[in-house]
Amino acid sequence: MTMPGGEGGWTLALDTSTPRGSVALGRGSEVRGVRHLGSAREHAARLVPAVRDLLDDARVGPDDLTALVAGSGPGSFTGVRVAGATAMGLAAGLGIPARGRSSLLALACAWMAGGRGDSRGDEVLCTLFDARGDRVYAAWFRVGDSGPLEIGSPAAARLGEVLATPVSGPVLFLGDGALRHREKIEMAGAFRVVEPAATLAEGHLLAETLGLPAFETDGFKGWQAQYLRGSSAVPSGAVGGGSE
Amino acid sequence: MSEPLVLGIESSCDETSAALLRGNRILGHVILSQDVHRLYGGVVPELAARAHLGVIGEVVRGALEEGGASLGDLDAIGVTAGPGLIGGLLVGVSWARGAAFGLGIPLIPVHHMEAHLFAPSLENPRADPPFVALLVSGGHTLLLHAEAWGRYHLLGETRDDAAGEAYDKVAKLVGLPYPGGPVIERIAREGDPARHPFPRPMLRRNARPGDADYFDVSFSGLKTAVAERVREVEEKGQLEAERAHLAAGFQEAVVEVLAAKVRRAIEATETPRVLIGGGVAANARLREALGEVLPKGGELLHASPRLSLDNGAMVARVALHRLREGWDAADEGSVADASLPFPGLVRAA
């Protein structure tokens with residue numbers, strides 16, 4: 001098992017892909033502290049002060065950090081960029097690597113980190129972020145001893161398309177997309193909506209200990225944001241809608 | 001003691017730029033212009049923000065390498081905090097905040113248009129106040145009286161479109177690509193500005209110093225006049241033949257109005273020096289016209305075309321000024337603001 005930030009090192013995790021932005025500090029399996037970032041509008045302003053506050057409270061200096069991890073999306077386009085740019089800047093300034101990881105995967109890990117509720121342990125997980133209207137960002141996982149194993153690729157889709165996905169056995173839905181559409185989801189099959197007890201940032205810390213897939217940057221190499229949707233802009237002279 | 005080493009970062013519109021500055025010496029400077037917007041006939045904010053995130057680290061690395069320095073050598077980071085497109089601003093400010101926190105050095109938020117005010121001083125150490133300043137770009141048209149750095153009186157501004165915005169819109173009307181400024185200037189040289197005499201807005205009816213719009217400008221009506229004339233020549237199948245004349249007529253109207261307003265500012269403030277800044281400051285015809293309204297002993301101050309673009313060097317220059325003034329604020333104050341107020345700017349009485 002990979003310890004976050006290496007033996008004895010502290011890892012800082014942050015995620016602002018969804019309105020519930022969070023920052024967490026951990027070492028190995030220990031989560032030392034968590035900060036919530038308020039509303040989505042406040043994330044950019046509160047992120048670095050929250051990091052400072054978290055480190056101060058834990059009596060951990062910035063130089064004691066050995067790794068950073070941030071949610072790379074999908075989610076709010078702006079939120080994805082705030083986390084990515086901040087993580088890159090921190091990595092460059094501290095001289096440590098920053099890893100970017102799917103925020104939908106971090107949500108599955110947050111459910112594991114939060115104790116899994118009354119789960120039977122053999123359910124399929126579907127993590128859903130709200131993408132406005134009837135649209136969601138979705139990813140599917142089976143949970144094994146080595147953590148959540150992604151089934152297929154994450155996608156931007158209509159809720160109806162997600163609910164029509166053929167799956168055997170019970171499914172647990174989680175995320176702000178699941179909470180928003182709880183009624184439709186629970187009427188559509190052997191589906192249950194659950195709320196993880198841990199934050200996305202804590203999910204990232206667990207994902208680090210499990211060595212789950214991520215990309216890495218030194219803070220100068222570009223951030224691989226997972227938007228999953230294009231801009232709605234249409235080139236001059238083009239006919240029809242954009243890629244959204 | 002040597003001058004501090006400052007990194008400046010700019011990402012407010014469609015240029016990602018970083019510069020390394022010690023004193024007035026630019027040690028490293030990278031400006032990456034986003035070409036993708038040409039396809040859309042204007043800047044697409046979401047695409048701009050995505051592009052900034054993809055390249056900001058490499059742009060900073062490029063400036064550092066060119067200057068032979070590392071982040072650890074820096075004394076401060078300056079970053080454009082506004083005004084501008086919020087998506088792009090957030091990328092620059094977030095990267096800079098993270099880096100400044102990690103390095104334990106000050107982060108200095110910079111106003112984009114004040115940075116344009118400082119740009120000429122990077123190449124000309126005498127380009128400091130007092131002067132009348134005309135700041136003209138795609139997003140702003142401001143006429144100021146700068147008494148000293150940080151003490152600015154707003155004399156006039158646009159009531160609608162910015163000058164650069166008018167160039168872009170007219171370019172589109174006559175079938176020219178984005179950005180409109182350079183291409184209109186180029187083809188206007190081959191046209192007769194008198195062939196299509198467009199109106200000179202806000203001149204005749206606001207000619208007395210006490211008039212409310214004495215220093216203000218407006219380009220919306222001019223754009224409408226061009227659109228009307230374009231429709232007429234298109235109906236005759238003459239747009240191709242008239243394009244250069246239309247461009248020349250439009251440019252002459254813009255230049256004449258701006259020059260007249262600057263002349264009024266010179267007279268009202270009794271300040272013979274004029275600074276022109278912003279992307280439209282690269283327009284040679286405008287600079288020529290402003291040179292003609294200068295009084296005896298007057299001086300026109302402007303940056304080179306490269307430093308008239310949005311760039312990191314001018315941002316670093318403002319940050320350096322703040323450091324010299326004794327900047328000691330914590331980085332927590334640095335937040336991107338699309339409508340950031342111009343520091344030290346008050347409306348003239």
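**Ala44(A)**

I started with Ala44(A), which sits in helix H1 (residues 43-58) of chain A. The model is predicted, so I read every value as computed from it. Is Ala44(A) buried or exposed? Its relative accessibility is 18%, under the 20% cut-off, so I noted Ala44(A) as buried. Then I listed what Ala44(A) touches, leaving out residues up to four places away in sequence. I found Val82(A), Leu90(B) and Arg97(B).

**H3 and H7 of chain A**

Next I took helix H3 (residues 103-113) and helix H7 (residues 200-210) of chain A. Their axes come within 7 Å and cross at roughly 90°. I therefore wrote down H3(A) and H7(A) as roughly perpendicular. Which residues make the contact? From H3(A) I noted Ser103(A), Ala106(A), Leu107(A), Cys109(A), Ala110(A), Met112(A) and Ala113(A). From H7(A) I noted Leu200(A), Gly203(A), His204(A), Leu206(A) and Ala207(A). By class, this contact has 9 nonpolar residues, 3 polar and no charged.

I stayed with H7(A) and checked its burial. H7(A) is mostly covered, with 9 of its 11 residues buried. The buried residues include Glu202(A), Glu208(A) and Thr209(A). Just past the helix, Gly211(A) has a positive phi of about 65°.

**H6 of chain B**

I moved to helix H6 (residues 220-235) of chain B, which has 16 residues. From first C-alpha to last I read 23 Å, close to the expected 22 Å. Which residues of H6(B) are buried? They are Leu222(B), Val226(B), Val230(B) and Val233(B). They span an arc of only 80° around the axis, so they lie on the same side of H6(B). These buried residues pack against helix H4 (163-173) and helix H7 (239-269) of chain B. Just after H6(B), I noted a positive phi of about 65° at Gly237(B).

I then looked at H4(B) against H6(B). The axes are 10 Å apart and the packing angle is about 10°. That makes the two helices, H4(B) and H6(B), roughly parallel. H4(B) contributes Lys169(B), Val170(B) and Leu173(B) to the contact. H6(B) contributes Lys223(B), Val226(B), Ala227(B) and Val230(B). I recorded 5 nonpolar residues, no polar and 2 charged for the contact of H4(B) with H6(B).

**Backbone exceptions**

Most residues other than glycine have a negative phi, and most peptide bonds are trans. I looked up exceptions to both.

Leu228(A) has a phi near 65°, a positive value, and is not a glycine. I placed Leu228(A) in the segment after strand S11 (215-217) of chain A. Its relative accessibility is 35%, so Leu228(A) counts as partly exposed.

Met202(B) also has a positive phi, about 60°, without being a glycine. Met202(B) lies in the loop between H5 and H6 of chain B. At 19% relative accessibility, I noted Met202(B) as buried.

Which peptide bonds did I note as cis? One runs from Pro129(B) to Pro130(B), with omega near 10°. Pro130(B) is in the loop between helix H3 (112-118) and strand S6 (131-136) of chain B. Another runs from Tyr178(B) to Pro179(B), with omega near -5°. Pro179(B) is in the loop between H4 and helix H5 (180-188) of chain B.

Key: Residues numbered from 1 in each chain as written. Chains lettered and ligands numbered in written order. Predicted model: local features only at pLDDT ≥ 70, side-chain atom pairs only at ≥ 80, totals over all residues. Heavy atoms only, no water. Helix = DSSP H or I, 4+ residues; strand = E, 2+ residues; numbered from the N terminus. Expected span 1.5 Å × (residues − 1). Buried < 20%, exposed > 50% of the residue type's maximum accessible area, 1.4 Å probe, protein only. Arc of directions from axis to C-beta. Contact = heavy atoms within 4.5 Å. Axes fitted to C-alpha atoms, helices over the stretch in contact; angles between N-to-C directions. Parallel < 35°, antiparallel > 145°, perpendicular 65-115°, else oblique. Nonpolar A, V, L, I, M, F, W, Y, C, P; charged D, E, K, R; others polar.
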